[in-house]
Number of protein chains: 2
Amino acid sequence: MAKKPGIPKGTRDFSSMEVARRQYIMQTIRHRFEKFGFHPIETPSFENLDTLLGKYGEEGDRLIFKILNSGDYLSKADEKLLNEKSSQKLTSQISEKALRYDLTVPFARYVVMHQNEIDFPFKRYQMQPVWRADRPQKGRFREFYQCDADVIGSKSLWQEVELVLLYDRVFTDLNIFGVTIKLNNRKILAGIAEVIGASDKLIDFTVALDKLDKIGEEGVKAEMIEKGITAEAIETVQPLFHFTGNFEEKLDKLRKLLITSEEGKRGVEELAFVGKEISRLGLKSAKLNLDVTLARGLNYYTGAIFEIGAPDTVQIGSIGGGGRYDDLTGNFGLKDMSGVGISFGLDRIYLVMEELNLFPTEVNTASKVLFLNMGDQEMSYAMQAVVGLRDAGIKTEIYPDKAKVGKQFQFADKKGIPFAVLVGSQEIEEGKFTLKELVSGEQTVLDLQELIKKLK
Amino acid sequence: MAKKPGIPKGTRDFSSMEVARRQYIMQTIRHRFEKFGFHPIETPSFENLDTLLGKYGEEGDRLIFKILNSGDYLSKADEKLLNEKSSQKLTSQISEKALRYDLTVPFARYVVMHQNEIDFPFKRYQMQPVWRADRPQKGRFREFYQCDADVIGSKSLWQEVELVLLYDRVFTDLNIFGVTIKLNNRKILAGIAEVIGASDKLIDFTVALDKLDKIGEEGVKAEMIEKGITAEAIETVQPLFHFTGNFEEKLDKLRKLLITSEEGKRGVEELAFVGKEISRLGLKSAKLNLDVTLARGLNYYTGAIFEIGAPDTVQIGSIGGGGRYDDLTGNFGLKDMSGVGISFGLDRIYLVMEELNLFPTEVNTASKVLFLNMGDQEMSYAMQAVVGLRDAGIKTEIYPDKAKVGKQFQFADKKGIPFAVLVGSQEIEEGKFTLKELVSGEQTVLDLQELIKKLK
């Protein structure tokens with residue numbers, strides 16, 4: 001008895017409809033990336049293990065999928081480690097390759113390896129799957145696509161302006177209106193840390209502050225104190241507890257708050273530049289929001305930090321994010337390369353579009369017409385038309401077997417094919433084809449040219 | 001000192017130009033697949049190890065990349081195997097997933113898992129990477145794409161007709177004219193084996209016969225005898241040594257030769273059907289050839305066998321192949337599912353197109369126009385036009401930093417950007433833009449609408 005087949009947990013099969021919809025999202029993003037002057041690259045699915053290890057923290061190292069060496073992989077393994085069953089220590093002896101964990105580290109490795117062929121500033125985009133040995137849960141998979149655009153080799157703030165515009169245009173193209181582009185700056189966070197005199201508590205501080213809507217001012221303050229932030233420090237940043245207003249008003253509050261921090265002031269001016277230019281240019285459908293609690297990837301971002309909130313009508317959290325990092329390629333020996341990049345969360349964007357019913361009806365893979373099979377002689381006659389329709393760009397299928405007509409119609413129906421063509425001896429004699437519209441049942445007798453015209 | 005980064009052997013980075021060209025090939029194939037009524041599916045990059053093992057022979061099992069289990073993978077490993085350093089036996093204890101080795105086995109697994117959602121006959125296509133731990137060499141990689149189209153659930157020979165047409169149309173669309181679609185049938189090979197009375201020698205026989213051009217009739221016969229095929233048997237199939245003529249003439253020769261083999265005769269009639277229908281319909285640019293030496297994947301093909309020879313002007317061998325298999329899904333518990341499918345060799349098609357210079361010039365990712373950066377004020381003015389051009393569909397870049405104008409022109413030049421826009425105080429005052437065509441050096445002063453019109 002054959003075993004019932006399955007797939008590894010956290011992975012997915014995609015049906016035709018799902019592939020068509022995912023392709024639609026990716027093509028829309030791809031086209032916008034290219035209009036903004038980003039160029040595609042692709043890197044291998046697996047990298048040398050030492051390229052990836054140590055770049056994502058200890059937790060990240062654990063979540064990297066390692067590939068077992070080929071052949072007699074134990075022959076050079078240390079016998080002591082085998083006897084001790086030291087899984088962790090043995091890994092590097094029996095595995096020298098690992099699946100890509102994100103697109104950023106491979107990009108850095110690519111830039112360093114190809115630095116002599118690249119004209120900087122280098123604007124690249126990349127859309128490829130990544131793999132993480134995370135515990136699978138709703139909306140979190142072990143294999144998923146990342147769609148990243150990064151510029152490397154320029155510190156210009158115009159890049160930040162460009163990336164805000166890019167987010168706005170991509171979501172507009174996808175008909176996802178009303179996303180929030182949340183903007184912050186690492187230097188503002190550093191400024192806040194300076195002002196409260198507690199750099200090491202910064203993450204605790206922002207995590208607590210982010211809960212303002214849920215647990216209220218007193219709740220947040222209680223949590224901060226519990227985390228070891230002094231009441232005095234909290235008092236200094238009191239304006240952050242009533243941090244309302246538009247972009248400009250928020251900037252003004254920050255200017256006052258961070259007046260004693262040089263770095264904080266630089267952060268405010270950077271945000272001010274982006275805010276001013278975006279306000280001049282206008283956004284099509286997104287809104288820009290200054291969010292001082294935004295701290296994603298605090299460890300490697302050094303300037304702007306972006307995060308995209310889905311439209312208010314959908315409860316799904318962030319559907320994109322990014323930021324500026326000043327030393328992406330240093331790990332691989334190329335210093336002083338500032339970069340800034342953003343990412344689109346394909347799976348979550350898919351869920352948003354599904355929930356809001358935003359996929360255009362023409363995004364599907366159904367054929368336009370099915371030629372019924374009434375026998376070899378009829379099919380032999382019909383094939384001329386099949387070929388002609390396809391060459392005219394019409395998705396055309398034949399039913400391969402001579403089955404009952406009812407079964408063939410049912411097949412068209414199930415697959416969402418709107419038209420069927422029938423051929424009998426009379427059609428062959430007259431050089432015609434009978435076209436049936438399946439929903440209305442309407443039948444017309446046409447020659448090949450008329451058929452092409454009708455279906456095109 | 002950072003270590004100089006590299007990538008695993010047998011893998012590749014793809015530059016923007018390469019990605020664009022590969023996408024062009026894949027999109028062309030994809031569009032034709034869809035016009036022929038094939039629908040896309042995608043399967044996970046890794047499968048459960050037991051889904052893949054035993055499907056590709058002993059050599060195949062060795063070449064499958066296994067993924068090391070996460071966490072403390074040695075904890076449940078057999079201590080005896082560890083002490084003995086039995087790599088092969090240990091594998092299944094420390095690895096339960098493996099990278100996809102081809103698209104056919106995952107497809108079979110998909111069909112069985114989703115049989116209740118699928119309307120048969122099911123026409124699917126799939127374009128995804130596969131991985132093999134093969135020794136890398138010129139043109140052979142450890143990660144490469146396969147592009148497959150298969151129909152499952154029908155024995156109709158119209159499918160074979162369709163697949164010949166599909167090959168012809170895809171290569172015509174790619175401007176690769178003059179490919180040879182080689183056709184054979186497993187039943188003819190079985191018939192020949194019956195006639196020579198040596199089924200077990202069939203592969204030796206076809207391999208030797210295939211060398212006719214190179215080593216001549218006597219050489220081939222010598223090799224056959226060396227392999228244990230009797231002189232008497234060779235005498236019986238003498239016509240195969242002068243197997244010339246067109247499709248019909250070759251069929252006639254086979255009809256006579258295989259007159260004593262029921263299976264052989266069925267093979268001839270199957271080929272005759274496909275040949276007759278293709279000859280009625282005509283091919284656009286390919287030629288159909290009956291090749292009795294064609295025996296690829298002999299083990300699982302049961303009917304038609306296809307192989308595509310590149311145009312004569314290129315020395316590259318096969319650029320595609322496929323065939324009919326009568327029991328693809330039996331391994332996973334679904335019996336009597338006949339399928340037939342073909343595959344396109346992306347990497348080799350790429351090499352053919354490169355060698356024959358067939359990539360359209362518009363297949364590249366270069367932007368159309370670069371806005372030079374003359375300072376923040378000028379850029380702030382220029383951005384309105386940048387946004388307008390992009391929204392009109394024109395690939396538009398800005399130079400992010402205020403650098404020397406010469407350096408900015410050089411950047412455009414290196415990247416193959418044909419136009420530059422300059423903005424100074426005069427342009428701002430007049431609401432204009434100076435457009436420079438980089439090759440001719442010609443400059444014109446235009447307003448935004450004129451600029452869009454000119455660059456569109």
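Lys221(B) is buried, with a relative accessible area of 16%, where buried means under 20% relative accessible area, exposed over 50% and partly exposed in between (1.4 Å probe, protein chains only). This is a predicted model, in which local features need pLDDT of at least 70 and side-chain atom pairs count only at pLDDT 80 or more, while totals for chains, interfaces and linings use all residues. Residues are numbered from 1 along each chain as its sequence is written, chains are lettered from A in the order in which they are written, and side-chain values use heavy atoms, with hydrogens and water left out.

The side chain of Lys221(B) meets that of Glu217(B) in a salt bridge of 2.9 Å, N to O; a salt bridge is a side-chain nitrogen of Lys or Arg within 4 Å of a carboxyl oxygen of Asp or Glu. Because Glu217(B) and Lys221(B) are 4 residues apart in helix α10 (residues 212–226) of chain B, about one helical turn separates them. Helices (H or I, at least four residues) and strands (E, at least two) are DSSP runs, numbered from the N terminus. Elsewhere, salt bridges that share partners join Arg32(A), Asp168(A), Arg169(A), Asp173(A), Lys284(A) and Asp391(B) into one network.

Over all chains the structure holds 60 salt bridges. One of them pairs Lys395(A) with Glu34(B), with the closest N and O atoms 3.6 Å apart. Lys395(A) lies in the loop between α15 and β13 (396–398) of chain A and Glu34(B) in helix α1 (residues 16–35) of chain B, so this pair joins two chains. Glu34(B) counts as buried, at 14% relative accessibility. Within chain B, Arg22(B) and Asp347(B) form a salt bridge of 3.2 Å, N to O, through their side chains. Arg22(B) is in helix α1 and Asp347(B) in helix α14 (residues 346–355) of chain B, so the bridge ties together parts 325 residues apart in sequence. Both partners are buried, Arg22(B) with a relative accessible area of 5% and Asp347(B) with 13%.

The interface between the chains takes 112 residues from chain A and 112 residues from chain B, contact meaning heavy atoms within 4.5 Å. Together the chains bury about 9600 Å², 55% of it on carbon and sulfur atoms; this is the accessible area (1.4 Å probe) that two parts lose on being put together, summed over both. In chain A, Glu42(A), Lys85(A) and Trp158(A) lose the most area to chain B, together 8% of what that side buries. The count of salt bridges between chain A and chain B is 16, and Glu79(A) with Lys85(B) forms a salt bridge at 3.7 Å, N to O. Helix α15 (residues 376–391) of chain A supplies the largest share of the side of chain A that touches chain B, 9 residues.

His39(A), in strand β1 (residues 39–40) of chain A, counts as buried at 6% relative accessibility. Its neighbours include Lys123(A), Tyr125(A), Ser16(B) and Lys415(B).

The largest nonpolar core has 100 residues, and Ile25(A), Phe171(A), Leu240(A), Leu254(A), Phe344(A) and Phe371(B) have the most contacts inside it. Such a core is a set of buried Ala, Val, Leu, Ile, Met, Phe, Trp, Tyr and Cys residues joined through side-chain atoms within 4.5 Å. Helix α7 (residues 158–173) of chain A gives the most to this core, with 9 residues.

Terms used:
Lists of a residue's contacts leave out its neighbours within four places in sequence.
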